Amino acid sequence: MPDTKRPLVILMADDDEDDRQLALEAMRESRVLNELRFVKDGFELMQYLRREGEFEDPANSPTPGIILLDLNMPRKDGREALAEIKADPALRRTPVVILTTSKAEQDMLRGYDLGAASYITKPVTFEGLVDLMRALGHYWVEFVELPNHGH
């Protein structure tokens, strides 16, 4: 039976340029065939998801199968964006994985209360990030059944 799994579009919201670059390199190194897209803060994340502004064209802003969300960002932080995503019937089914440096218990509890699918503390080494990207790719592509987006 042929493999019908398509590469998953992963949308990462993170204001740190170095973290975004490391995530991209880790994704390539992990050899998982996912497409990684980036936004710089919660405001851009919501624009992307709602196809507003520079993200209007679906060809340049494909619907993500999963969102990797940093908590501490300018303009609109990850907590605010997560609350908006989960309150929006058109967006709430998209899994959101919090990927942050915060190890605060209250951040973890609040993330789950707001509807995050997972809470992961950013690895401190590049090798750890490669392993994480590989695991995320395999888990969300191989094991999790996600609804088809009609976009």
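This is a predicted model: local features need pLDDT of at least 70, side-chain atom pairs count only at pLDDT 80 or more; totals for chains, interfaces and linings use all residues.
Residues are numbered from 1 along each chain as its sequence is written, and side-chain values use heavy atoms, with hydrogens and water left out.

**Overall architecture**

The protein contains five helices and five strands, where helices (H or I, at least four residues) and strands (E, at least two) are DSSP runs numbered from the N terminus. Their order from the N terminus is β-α-β-α-β-α-β-α-β-α. Of the 151 residues, 45% are buried; buried denotes under 20% relative accessible area, exposed over 50%, and partly exposed the range in between (1.4 Å probe, protein chains only). Among contacts (heavy atoms within 4.5 Å) between residues at least 6 apart in sequence, 66% join residues at least 24 apart.

Strand 4 spans residues 96–100, and five of its five residues are buried. V96, I98 and T100 point one way, while V97 and L99 point the other way. In a regular strand, side chains alternate between the two faces of the sheet.

| Pair | Sense | Bridges | Example of bridge partners |
|---|---|---|---|
| Strand 3 (residues 66–69) and strand 4 | parallel | three | L69 and I98 |
| Strand 4 and strand 5 (residues 118–121) | parallel | four | V97 and S118 |

The chain passes from strand 3 through helix 3 (residues 78–87) to strand 4 in a right-handed β-α-β crossover. The passage from strand 4 through helix 4 (residues 105–113) to strand 5 is also a right-handed β-α-β crossover. Right-handed here means that, with the strands pointing away from the viewer, the path from the first strand over the helix to the second runs clockwise.

Within strand 4, I98 counts as buried because its relative accessibility is 0%. Beyond its neighbours within four places in sequence, I98 is in contact with L69, L71, L82, G111, A116, S118, Y119 and I120. The C-alpha atoms of I98 and I120 are separated by 5.9 Å, although the two residues are 22 apart along the chain.

**Nonpolar cores**

A nonpolar core is a set of buried Ala, Val, Leu, Ile, Met, Phe, Trp, Tyr and Cys residues joined through side-chain atoms within 4.5 Å. The largest has 21 residues, and those with the most contacts inside it are V39, L45, Y48, L49, I67, L69 and I85. Strand 1 (9–13), helix 2 (42–49), strand 3, helix 3 and strand 4 each supply at least two residues of this core; helix 2 gives the largest share, four residues. Leaving aside neighbours within four places in sequence, Y48 is in contact with V9, L11, R37, V39, F55, S61, P62 and P64. Apart from this core lies another, of 18 residues, including M12, L36, I66 and L132.

**Positive phi angles**

R51, in the loop between helix 2 and strand 3, is a residue other than glycine with a positive phi, near 55°. R51 counts as partly exposed because its relative accessibility is 21%. R75, in the loop between strand 3 and helix 3, has a positive phi near 65° and is likewise not glycine. With a relative accessible area of 59%, R75 is exposed.

Notes:
Two strands pair if DSSP finds at least two bridges between them.
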